[in-house]
Amino acid sequence: YSSLDIRTRKLTAEIVALITFLDSPPDDLSFAGFVLGDIFRKALRGEAELEELHQFFFRSRKKTPLYKAFQEEFPELWETYFEDLFKSAGYLPLYDLVNKIYSLYSVFDRFKEEEATLIKILEVIKNFEGEGRNNPSDFLKCATDEEAGESDWTIDVPVGISAVKVMTIHKAKGLGFPVVVLLLYEETTRGFKYIFSEQADGVHLLKINRQIMKASHFLEEKYERERLKDLVNKLNTLYVGFTRAEDELYILGVLGKRNQFPIDLLQIVDSRMGSWSGPRPCSPDPKRVEEASPQKEWKLYYHPDPIRFPFVPMEEINLEERRRGEFIHRVLSLIDALDENTETDLERIIKRVNDEWQTDYSVKAMGKHLLEFLNREEVKPYFRAVPGTVFKREQDFSDSRGSLFRMDRVIFSEARVSVIDYKTGTDQKAEKEHISQLKNYLRILREIYSGKKIEGIIAYVDLDEVRKVE
Amino acid sequence: MNVLLISSSENLVEKAAEQVVGIEKDYSRNLVIFPGKRPSHFLRKALADKEKSSFIPPLIFSMDEFIEHVHDESLGLGGRKLEAIDAVSILYAIHAASPENLGRKSFLTPDTFFPVGMKLYDDLEELHIEGVPPEKVKAIENMAGGDLPEPTAKRLQSLSHFYEAFYKRVEEAHFSTRSSRYRVVSENIDRLNLDRFEKVILAGFFALTESEKKIFRSLLEKRNTLFIFHDGEGMRKKLSDLGITAVRKWNANEPEIRCYKSPDSHGQVLGVSALLKTKRDRKERIDDHTVIVLPSSEILLPLFHRALNLLDPDNYNVSLGYPLQRTPLFGFFNHLMEVVTTMNGDRLYVPYYLQFVLHPYTKNIYFQGRADVTRILFHAIEKTLTEKRTKKFLSLSELENDEAIIHSIKEKVIKVEPGITLEMMREHLESIHTHTIRKMLSFKDVGEFAKRLKEVVEYIYQNSTARLHPFFSPYAESFVNQLDILSKSLMKEIQFQEAGSYFTLFKKYIVNAYIPFAGTPLRGLQVLGFLETRNLKFENVLFLDANEGIFPDTAREDSFLPVKARQMLGLPTYLDREEIMSYTFHTLIGGAKEVHLFYVESDEKEKSRFVEKLLWQRQKKDGKRDDSRYIHTIQYAVSLKDKAPRPIKKSLEMIKFLREYPFSATSLNTYLSCPLQFYFEYVLGLREREVVSEEFEKEEIGSFVHLVLSEYFRGRVGSMLTEKQMSLREFGKIFHKHFEEQYGKDPAGEIYLLRNQVGRHLEDFIRNYQLVKIKEFRTKILDLEREIHVEKESFKLRARLDRVEKRDDRTVIIDYKTSANRNTLTINYNRVDLENRDSWCKAIGSLQLPFYLLAYSTLTGEKPEMIDCMFLLLGRSRIDSDIEVPLFKNESEFKENFGKLTEVIFNLLREIVSPDQAFMPTIDPKNHCGRCAYGYLCTN
């Protein structure tokens, strides 16, 4: 790995060890690896010394899983530093889990010099989640996969800042610098993974090495052509390296054992250049120095508290029940007033809503159920057409903060405004909440229709119950 | 004229609020239409501020809602509103019935057609909303004057066929799509009566489709309509398209713009965090006058964890779509899919089975209200399956009844959890299998597949700890909704041959799905997607990911229609999209006081063209060539320092333990290469955990080869080997019997190759090595897999010898190696200097053979000089006598070196138990530390 690859950092290994343990608690090595590491020990406030921890692991070497022994011997440490993580590993996505680890162990505070590594870990996980994978074991597999793209794990250094840039020739393509120091090592040819050969009968991938090529002229020719192509590529690369400097170019060749490319070439260049005159540095361009403005560094802030999400976990997802509720609301919203045609109207409306919503509620059963509801003595008055009475269905109201409330049915008469809120399902656990919601409706109506009497009812459609709220 | 053009610094929503007419807190005789949904919240807020009381709000629609309302209620058209998947289903039917179908033999199944269908649907909808007649699409080839390449022309031909056939079917079936609704409404707009409204306001529109233009032209004629436009780049051209000439001009508002370049996404978020902190410290308000704009949702979780954690959850509101693909539930489905799609008959591929049951959601399914029991259960199963990890395939019933698994459950669960019986655990295991894997083994059609997958989500929701995470509910609900749509879609009756195809379709379908993080509007700081900011005004704008590729999203140009064809057909191109983005961006920042633009600058990413333009304008104004003065750089502290490993002193208990320790050749080799590694591995007993891997581990192949060879030679122990006995047929039988036991009957892919390769190699071993040796020496096998425990010089030694035999009068100890590399096994005797401790590690590849020789001669009393030791390299490509790697090449090498090696072994053992000698780090880190499992531990 490159030295900018965060997998070479001890801190990364410790975090990976902790994730591994949380994902697989019987993994004793990962548990011990984390407990003996810097993150855990820096978090301790003198509760245990390193020596003591080594002794503990020695004494417990036959006890597996080790975390259980640790839990028994250091119950307070376990409770403070592991218990919560251990429990939440069952449901926290990886990114959340790692952030929780960071907060618990205050890593940004305690490892300021490793800021880039710590951030890169989060960045890798974020990108990893983008691939649709976000459980710890998938991540761990990727973290230990040596073939996984190194660039994914390499610390991103800011571009454009005033600092010496270190890069490969390949990365320097298209760029120019006032001064270039080119460091060249002898290249060893490892042969070719395969050689591409296009023939009349199709495409062949040939595996040819120096030994195999001796077997036929055809293979030898193929191999030689490939070698030549490779050499041209190398020369092109070298050309790029030689032509990046604007003012000064220094080439340092490290002599190897075999005097091979490109060192052999450098020697030829050197001999043709004649005597060695040492570097001739170019005088700095005063304008350039003047123009360069100081970098505006921005001080980052790491808030110590973990996030508190603005969502409350729901008790259950019962889509069917919710959909049925919405269906009933929609049907009732299409009923204006009761008359002798209500039964047939109901059937027509149910058919229509079924059609709109791609549902298949029984027209008969649903119709009967809703008719019974509408014919209840406590409900009827709110659906009876009386001169001077106006019904508003699914009527929008806004409170004094601009929040929107859609009331199921509001009945306006000369002296009174009534609101009905339909509730479906058989669960009455949320009754308190229903009452509070209706009281809010009443408050809104009172603000708007201050001279009128305001009343409200909660109609439990499936429970055959009606509750009046004043 | 009923048109109002306001400057970009004005607040569009407030302007609309000024225009609506309210009588006694009743605004219901006003209809307000905005392009999107969000401004409605702000309009109500503005009216609430005006009324300072509750009120009846105007009827507020987004344009889509307005069209739906007119379509359904005013025109009374109704009918089924097609989801994209329904449309793809219709397109697939057209495709399957078409003689010259798109892509010829490709995309013949619904799952392969799906992404093509989605793209096609998008194009058709664009053509339809823009009112392009099918003949025009057909004629496009001629219009292009033969400039279009043949494949493009053919694609267009099929497109016109789809275009015509698709909307014909939609109409016949009384369905509607978004575009068809716009088209119908635009064609019937003159029938629309809006007289019941005192005022109809259309506010904040910019780019219009042909259908919208028709609607607008008609509404412009009505007496009660008012159009409010927000001035900005390109607006005047848009107005002139509608026949409106704008006269008034404003001086552009110049907000304070600050740019921040960051090396990655997190830098931007931490920059936001720093800004919020500064505001908080200065006691400045952080409320709904501040917006954090996220053009890409992937930065949302970093923002939650690293910036929004400063705020109370009641003080911010997040409203944007988050891709379902990024959620843990999607990962869970992937694992479930892998289990099902890699099955061989009724047998599951063990690595994928373990991956699934060890997924946090599965292993935390409650058993009597406890999640830990299931965790222990599955880790016990994992341990057992790891022990017999060469067995790669097992059926669910084999798993549920496996003796070793049952034993492991007894040990790990039943013994430690009083009250839990084996029967309970088996039932629990079966129940988990039934509700997850078994449920997904076969389906009648897409509808049933979706229904069952929905049941799996509900099962996990109800029965595991997953829902303790606050986001799990919205994730699960979105999945269930999507599956519900799928199960009711026109695609529901489609059947596939393979179970995998259902999953493939599902994955392709879900890739386009988003969770609507709807939030509670108007609550504190607003976190919005870019388009959500349309028509809104904020004092402080914090804009993230202002990068090319994201803003504008250049990758989204995904159409069957090339730019040229789009231009000819009058469809919007990427230039129009860019224009809309530019307009929205400039009206957003034009209304602000403070703008903070964050972007990533790295080898792969560059700042957005919009930022570039702003900077250039500033540079021109200031007369500066250098833009860095306007840009803040976000960078991190980088440390590349490494700590050196630290020696570890031995305690008295450790020494006591080591004195009693039965040393093996492997432990000694470990000590030789790195004493610290020895400490962690053998003293603390910390070992890397073995796992069942998808790939064949070297050790796994090694164990199998050892097993087969040992079985083959077992019946020949004690007797002289003859050529006749070396039956390849018998060998083949033994090989295949064991292979079948471990890897199954009809291997495919990698396992098939492994079987052939290992089988052929071992046959070569019998033929080209064993037979040759029998001819050369009278050979009698003495022992196979021999365990040895001896004591010498007060040290306990143990060894396991693969094979011991007599070749003529000499005893030969053989150790099989499945590798081909002799370098790591040989000893360079010239370099072993007894006086120089460091030379041992460098010169000795392995102490295994001298150790075996010492142990065996101690056990049997045979003289070491009468014993030969060798490795046989079975991994070499050519098998012949060269596979032997003898400990000593000849007698003189033995004489010169055996004593030396014995000395090395005992010196090392004495060193290990010496209290004065700490466990030191290796002297050769280059070769030993690269893959060391203890690499991060030894520096503590």
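Trainee: A salt bridge here is a side-chain nitrogen of Lys or Arg within 4 Å of a carboxyl oxygen of Asp or Glu; how many does the rule find across the interface of chain B and chain A?

Mentor: This is a predicted model, in which local features need pLDDT of at least 70 and side-chain atom pairs count only at pLDDT 80 or more, while totals for chains, interfaces and linings use all residues. Side-chain values use heavy atoms without hydrogens or water, residues are numbered from 1 along each chain as its sequence is written, and chains are lettered from A and ligands numbered from 1 in the order in which they are written. One bridge pairs the side chains of Arg352(A) and Glu73(B), N to O 3.9 Å. Across the interface of chain B and chain A, the number of salt bridges found is seven.

Trainee: What area is buried between chain B and chain A?

Mentor: Contact (heavy atoms within 4.5 Å) takes in 122 residues from chain B and 113 residues from chain A. Buried area is the accessible area, taken with a 1.4 Å probe, that two parts lose on being put together, summed over both. Carbon and sulfur atoms give 56% of the area buried between the two chains, which comes to about 10400 Å².

Trainee: Which three residues supply more than any other three of the area that chain B buries against chain A?

Mentor: The share supplied by these three is 7% of the area that chain B buries against chain A. They are His305(B), Arg306(B) and Tyr936(B).

Trainee: How many residue pairs are in polar contact across the interface, and which helix gives the most to the side of chain B?

Mentor: A polar contact is a pair of N or O atoms within 3.5 Å; within protein, one must be able to donate a hydrogen and the other to accept it, and residues adjacent in sequence count only if both atoms are side-chain atoms. By that rule 31 residue pairs, both at pLDDT 80 or more, are in polar contact across the interface. Helices (H or I, at least four residues) and strands (E, at least two) are DSSP runs numbered from the N terminus, and the element that gives the most to the side of chain B touching chain A, with 10 residues, is helix H11 (residues 265-281).

Trainee: Why are Lys277(B) and Asp281(B) separated by about one helical turn?

Mentor: These two residues form a salt bridge whose closest N and O atoms are 2.7 Å apart. They are separated by about one helical turn because, in helix H11 of chain B, they stand four residues apart.
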